[in-house]
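Let's take a friendly walk through a protein model together. Have the sequence and the 3D view ready, and follow along as we go from single side chains to the place where two chains meet.

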Amino acid sequence: MKAIITVVGQDQVGIVATVANELAHLNINIVDISQTLMDHNFTMMLSGEWDDHQLSFADAKTALDALGEQSGLTIRIQRQALFDAIQKL
Amino acid sequence: MESRSILETIQMVAEENLDIRTITMGISLFDCIDSDGAKARQKIYDKITTSARDLVKVADQIQTEYGVPIINKRIAVTPIALIAAASGDTDYVAYAQTMEQAAVALGVDLIGGFSALVQKGYQSGDRKLIASIPQALAETSRVCSSVNVGSTRAGINLDAVGEMGHIIKQIAAKDPVNCMSLVVFANAVDDNPFMAGAFHGVGEADRVINVGISGPGVVKRALEQVRGQSIDVVSEQIKKTAFKVTRMGQFVGSIAAKRLKVPFGIVDLSLAPTPNEGDSVAEILEEIGLESVGAPGTTAALALLNDAVKKGGVMACEHVGGLSGAFIPVSEDAEMIRAVEAGRLGIEKLEAMTAVCSVGLDMIAVPGDTTAATISGMIADEAAIGMINNKTTAVRVIPATGQQVGDSIEFGGLFGRAPIMAVNPSQPTAFVQRGGHIPAPIHSFKN
């Protein structure tokens, strides 16, 4: 399964590490990554891929929601097909 | 990974209220017809609850996985006047109760199709159904009713127009809020996913998934970026935005249809407002350059908006259908409410606006002492606009029992609050009482 993970929040040391750690723990492979600061807001986008026999989308979402809450970040995970459908002909 | 596109999509959902307004499953009830009413109702219950068993589950899954809010899950069935006619039942309230039970069992928000199609005349089931509407709406909370009283091909059934004025008054006498569950149409469409007017047309497949999209806030935000530029640029900007919004509808609808193993019908390209701030069609019109919705120029701006939405959306999906256009329900649009309360928007201007957009005089509260004849006159005017312009029009008015201009009536949730609007007091009584049939217009003879 392929999904886009976006992370938004107040800039602080170690955000990339925190999120990447959790993804490694979930066995989600990072295919692409980009990050920037927008108005002092840290914004990161990741394209992740994993074996859906081992991890359901709902479980991945639950884990990332919990991480977001713990670390004060807004973490969204959405299946990639949506973006392709809206933005590409 | 195209970060800009991803951010834009997320922003459309998170900040601009883009959502899938409804996934509506249309279900044919023709195979439930039975001369024994109780058996018919059992078949109806079984068919609806079996066909749509996974509707809510699948919609929730899609919402979680793709991060797109799906606001309503709904059912539309074949007009009950056609299904119940074969039974010996003398009133059809029990059919509405069956629909309600099925809706509750499935967890869907609303179920439409307590309907009759009388544009050319009444069959026996139509009379019984229409007479049952006040009681049916009083005893249910999720059932929606509609009556088609005219069409471009058939003309306008003035007898039915007259009767519906009385029916609306009867509903209001029990509880004015129930009036929001009844729409009186001209040129009603078979594949409309929006309530209260959805029913499953007689020419439709056994089951079908139709999707209604929303997103006035997205269009408004896009237009903020082209302030001061020519109206051609405005039109282009709306088209581009409508394309993206509609793609989401096409995408979600096709996934839902696949998971439910039901054919995908249409995307309804509508801009449907909600009372939430920033989710208003009136604000789009004001962004185009009107001081307030209702100002001279409103009809022209709305015509452009409506047309550009369709042009942008048509290429984005396989099949377009339903009502497809900008909705102007007063109570569901915060900026419309403000304009009415400030005296800048009246029923006459709204009527003019309905000639260039979908759907009609929608969610409009009128004083409690408005007569049945006046309501019939409003229905006749809207039906005439629909008939002559070859478009769907509708009336969903709420006579607010015991209330006057200056008061307002609360509906709650997505349905908002409606200020009571002034109605022209001169009476069309003798016109309505003539009864009979307004002939189809000359341009309907196309063969």
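Is Glu341(B) buried, partly exposed or exposed? Keep in mind that this is a predicted model. In it, Glu341(B) is partly exposed, because its relative accessible area is 46%, which falls between the 20% limit for buried and the 50% limit for exposed.

**Salt bridges in chain B**

Side chains of opposite charge can pair when their charged atoms come close. Glu341(B) has such a partner: its side chain meets that of Arg417(B) in a salt bridge, 2.8 Å from N to O. Glu341(B) belongs to helix H12 (residues 334–341) of chain B and Arg417(B) to strand S12 (residues 417–419) of chain B, so this pair ties together parts that are 76 residues apart in sequence.

Over all chains, the structure holds 26 salt bridges.

| Salt bridge | N to O distance |
|---|---|
| Arg417(B) and Glu341(B) | 2.8 Å |
| Arg21(B) and Asp279(B) | 3.8 Å |
| Lys57(B) and Asp54(B) | 3.8 Å |
| Arg79(A) and Glu65(B) | 2.6 Å |

What about Lys57(B) and Asp54(B)? Lys57(B) is partly exposed, at a relative accessible area of 49%, and Asp54(B) is also partly exposed, at 28%.

Salt bridges can also join up into a network, as they do for Lys220(B), Glu224(B), Arg227(B) and Glu287(B).

**A buried serine**

Now find Ser270(B), in the loop between S8 and H10 of chain B. Ser270(B) counts as buried because its relative accessibility is 1%, and buried means under 20%. Its side chain makes a polar contact of 2.5 Å with the side chain of Asp268(B). A polar atom of the Ser270(B) side chain also lies 3.3 Å from the backbone oxygen of Gly325(B). Beyond its neighbours within four places in sequence, Ser270(B) is in contact with several residues, among them Phe194(B), Ile213(B), Leu323(B) and Phe327(B).

**Where the two chains meet**

How many residues does each chain bring to the contact? Chain A gives 24 residues and chain B gives 22. The size of an interface is often given as the accessible area lost when the parts come together. Between chain B and chain A, about 2,100 Å² is buried, and carbon and sulfur atoms give 71% of that.

The rule finds one salt bridge across this interface, formed by Arg79(A) and Glu65(B). It also finds eight residue pairs in polar contact between the two chains. On the side of chain B that touches chain A, the elements giving two or more residues are helix H1 (3–14), helix H3 (55–66) and helix H9 (231–260). H1(B) supplies the largest share, eight residues. By type, this side of chain B has 11 nonpolar, five polar and six charged residues.

**A region in chain A**

Finally, an unreviewed UniProt entry places the feature "domain: ACT" at residues 4–78 of chain A. Over those residues the chain is 36% helix and 41% strand, and the end C-alpha atoms are 5 Å apart.

Key: Residues numbered from 1 in each chain as written. Chains lettered and ligands numbered in written order. Predicted model: local features only at pLDDT ≥ 70, side-chain atom pairs only at ≥ 80, totals over all residues. Heavy atoms only, no water. Contact = heavy atoms within 4.5 Å. Buried area = accessible area lost by both parts, 1.4 Å probe. Salt bridge = Lys/Arg side-chain N within 4 Å of Asp/Glu carboxyl O. Polar contact = N/O pair within 3.5 Å; in protein donor to acceptor, adjacent residues only side chain to side chain. Helix = DSSP H or I, 4+ residues; strand = E, 2+ residues; numbered from the N terminus. Nonpolar A, V, L, I, M, F, W, Y, C, P; charged D, E, K, R; others polar. Buried < 20%, exposed > 50% of the residue type's maximum accessible area, 1.4 Å probe, protein only. UniProt positions renumbered as here; feature names shortened; annotations may be inferred.
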